[in-house]
Amino acid sequence: MKVLANDGLDQSGIDALAEKGFEVITAKVPQEFLVDYINEHKIRALLVRSATQVRKDIIDGCPTIEIIGRGGVGMDNIDVDYAREKGIHVINTPSASSESVAELVFAHLFSGARFLQDSNRKMPLVGDTEFAGLKKAYTAGIELRGKTIGIVGMGRIGQEVARIALGLGMRVVAADNNVGRASIKVKFYNNQFINVDIETEPLQDVLKHSDFITLHVPAQKDGYMIGKNEFDIMKDGVAIVNCSRGGVIDESALIDALDSGKVKFAGLDVFINEPTPSKEILNHSKISLTPHTGASTLEAQDRIGLSLADQISSILQIQ
Ligand SMILES: NC(=O)C1=CN([C@@H]2O[C@H](COP(=O)(O)OP(=O)(O)OC[C@H]3O[C@@H](n4cnc5c(N)ncnc54)[C@H](O)[C@@H]3O)[C@@H](O)[C@H]2O)C=CC1
Ligand SMILES: O=C(O)C(=O)COP(=O)(O)O
């Protein structure tokens, strides 16, 4: 029984699948050769992350596939409904990476608040004489404590962000078109915890009142969620982080808002043209960038591997 993990798979998943008798292939087969490869090797489960596209051509062209597994959350790279109509099981690992993505949000927030993204670029370039000037350029940092964070999308990741924000002493406001109230359990290292209920508010109110905004919605079918109109209603000097999907923010409106000073800084893990952001995004001194690594921690990938292996074994009824 062969499994092709075309965007890689953590060793935990490879071992767990091997134990059940699967042969796991981790070759990175280019998109245009995928149909031939899957047929030639009689692949029963195709596992992907966000890079490989699983569209109708693969679903129609590969009759041996019984399972399409997304090691992660967003399935916008898979024609899920079409595959299910054809009787293929489509699975993902919804909770495995929530904490990791939430932690990356704060990596971006702290980076922007203290200019890490820009000072990292400039530190090696300055000589001794310029050093004092450089230090001066970075003395207007801001603290997160006591500020308001607006979470757009109060699902699994949004709620993890709220947990960390509450721990930092931030005020949390949130918008979600399905979740009315989220009960957030903030856990401490000694197993004590407190519960904080957060009622969601209309998006406009969240945009209007937040010092920091972070986006945790799936890819939107109706175009940008945050464009010029939305930037206009935000506070002057707001900061924004996008670890959801590239098309959720209008990137040219973001650049304008950064250049005008409306937005103080942005943190982006996802872009419109992945894996290559536009030059304007790439070179902007007020943007902290990561190459879609929200889920790329050892812990999240370990959980993802185990979850996929579990689900595959149970679908194919392997004890
Ligand atoms: N950067 C990365 O590596 C990762 C990115 N993601 C992205 O994060 C997204 C969110 O993940 P989860 O929190 O696990 O999903 P989730 O399904 O638990 O939460 C998403 C929330 O967004 C809300 N929502 C959807 N459209 C909305 C709208 N137009 N306005 C207001 N709320 C809206 C939903 O009601 C839901 O509560 C994923 O769909 C994926 O695209 C997920 C994992 C890793
Ligand atoms: O799980 C998700 O939705 C992600 O965006 C993670 O993407 P990746 O698996 O790291 O390519």
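Analyst: Domain bounds come from an automatic or database domain assignment. Here the assignment gives domain 1 (2-94 + 298-316) and domain 2 (97-289). The model is predicted: local features need pLDDT of at least 70, side-chain atom pairs count only at pLDDT 80 or more, and totals for chains, interfaces and linings use all residues. Residues are numbered from 1 along each chain as its sequence is written, chains are lettered from A and ligands numbered from 1 in the order in which they are written, and side-chain values use heavy atoms, with hydrogens and water left out.

User: How far apart do the C-alpha centres of domain 1 and domain 2 lie?

Analyst: Those centres are 32 Å apart.

User: How do I read a sheet, and what is the order of the five strands in the open sheet?

Analyst: Strands of a sheet pair through backbone hydrogen bonds, either parallel or antiparallel. Strands are DSSP runs of E with at least two residues, helices are runs of H or I with at least four, and both are numbered from the N terminus. Two strands pair if DSSP finds at least two bridges between them. The five strands of this open sheet follow the order 2-1-3-4-5, with parallel pairing. Strand 2 (23-25) and strand 5 (89-92) are at the edges with a single partner strand each, so one side of each has no neighbour in the sheet. Neighbouring strands are turned by 20° against each other on average, direction ignored; angles run from 0 to 180 degrees between N-to-C directions, and axes are lines fitted to C-alpha atoms, for helices over the stretch in contact.

User: Over how many bridges do strand 3 and strand 4 pair?

Analyst: Strand 3 (residues 43-48) and strand 4 (residues 67-70) pair over four bridges, in the parallel sense. Val48 stands opposite Arg70 of strand 4. Across strand 1 (2-5), strand 2 and strand 3 lies helix 2 (residues 34-41), at about 155° to strand 1.

User: Which order do the strands of the six-stranded sheet have?

Analyst: That open sheet has the order 7-6-10-11-12-13, and the pairing is parallel. Strand 7 (171-175) and strand 13 (287-289) are its edge strands, each pairing on one side only. On average, neighbouring strands are turned by 15° against each other, direction ignored. Helix 5 (residues 98-113) packs on this sheet, where it touches strand 6 (148-152), strand 10, strand 11, strand 12 (263-268) and strand 13. Helix 11 (residues 251-260) also packs on the sheet, touching strand 11, strand 12 and strand 13.

User: Helices can also meet helices. At roughly what angle do the axes of helix 1 and helix 13 cross?

Analyst: The axes of helix 1 (residues 11-19) and helix 13 (residues 298-315) cross at roughly 25° and come within 7 Å. Angles under 35 degrees count as roughly parallel, over 145 as roughly antiparallel, 65 to 115 as roughly perpendicular and the rest as oblique. Helix 1 and helix 13 are therefore roughly parallel to each other. Helix 1 contributes Ser12, Gly13, Ala16 and Leu17 to the contact, while helix 13 contributes Gln301, Asp302, Gly305, Leu306, Ala309 and Ile312.

User: How closely do the axes of helix 5 and helix 8 come, and at what angle do they cross?

Analyst: The axes of helix 5 and helix 8 (residues 156-167) come within 8 Å and cross at roughly 55°. That makes helix 5 oblique to helix 8.

Key. Contact means heavy atoms within 4.5 Å.
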